[in-house]
Amino acid sequence: MECAVYDTYVTKKDGRTMHFDVIVEASTPHDKAIEYGQQWLATVGQSGQKMTSEECQFCHIQEAPPFVEKSIKQLGYWIQKMEGCTQ
């Protein structure tokens, strides 16, 4: 499966920055990728933080590894945590 990777930086409620990638099937609209990112933020206690096309920018297309493809098929997305994603 080809997937689109959106490089994302969100300011947490404590003012620190979270850096993560929102990974979706390649044909998924950008707005939907942002929506998935917002859903994930809610699961990590960061509901309501600003996440727009400014914070979540298209980066590239790549082949999804099997575990990412499985998540995309189940949830619609995969979050690759990079920096500042621990609570």
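**Start in a strand: H19**

Select H19, which lies in strand β2; strands (E, at least two residues) and helices (H or I, at least four) are DSSP runs, numbered from the N terminus. The model is predicted, so local features need pLDDT of at least 70 and side-chain atom pairs count only at pLDDT 80 or more, while totals for chains, interfaces and linings use all residues. Residues are numbered from 1 along each chain as its sequence is written, and side-chain values use heavy atoms, with hydrogens and water left out.

Is H19 buried or exposed? H19 counts as buried, at 9% relative accessibility. Buried means under 20% relative accessible area, exposed over 50%, and partly exposed in between, with a 1.4 Å probe and protein chains only.

The side chains of H19 and D7 make a polar contact at 2.7 Å. A polar contact is a pair of N or O atoms within 3.5 Å; within protein, one must be able to donate a hydrogen and the other to accept it, and residues adjacent in sequence count only if both atoms are side-chain atoms. In sequence H19 and D7 are 12 residues apart, and their C-alpha atoms are 7.6 Å apart in space. Not counting residues up to four places away in sequence, H19 touches D7, T8, Y9, K81, M82, E83 and C85, where contact means heavy atoms within 4.5 Å.

**Next: T8**

Move to T8, one of the residues that H19 touches. T8 is in strand β1 and is buried, with a relative accessible area of 0%. Its side chain reaches the backbone oxygen of Y6 at 3.1 Å. Leaving aside neighbours within four places in sequence, T8 is in contact with M18, H19, F20, D21, V22, M51, E55 and C56.

**The helix α1**

Select residues 30–43, which form α1. This helix has 14 residues and reaches 20 Å from its first C-alpha to its last, close to the 20 Å expected at 1.5 Å a residue; the expected span is 1.5 Å times one less than the number of residues.

Which residues of α1 are buried? They are A33, I34, Y36, G37, W40 and L41. These residues cover an arc of only 160° around the axis, so they are on the same side of α1; the arc is that of the directions from the helix axis to the C-beta atoms. An α-helix has 3.6 residues a turn, so residues three or four places apart point the same way.

Color D31 and T43 next: these exposed residues are on the face of α1 turned away from its buried side. To see what the buried residues of α1 pack against, show β1 (2–11), β2 (17–25), β3, α2 (66–75) and β4 (78–83).

Within α1, select L41. L41 is buried, with a relative accessible area of 1%. Outside four places in sequence, its contacts are V10, M18, F20, Q46, S47, Q49 and M51. L41 and V10 are 31 residues apart in sequence, with their C-alpha atoms 9.2 Å apart.

Just after α1, G45 takes a positive phi of about 75°. Then go to Q46, in the loop between α1 and β3 (56–63). Q46 is buried, with a relative accessible area of 10%, and touches K12, K13, M18 and L41, not counting residues up to four places away.

**The nonpolar cores**

Select F20, V22, V24, W40 and M51. Of the 18 residues in the largest nonpolar core, these touch the most other members. Such a core is a set of buried Ala, Val, Leu, Ile, Met, Phe, Trp, Tyr and Cys residues joined through side-chain atoms within 4.5 Å. β1, β2 and α1 are the elements that give two or more residues to this core, and its largest share, 5 residues, comes from α1. Apart from it lies another core, of 6 residues, among them V5, A64, V68 and I72.

**Last stop: the cysteines**

How many disulfides are there? The count is 0, a disulfide being a pair of cysteine sulfur atoms within 2.5 Å. C85 is in no disulfide either, with the nearest cysteine sulfur, that of C56, 13 Å away.
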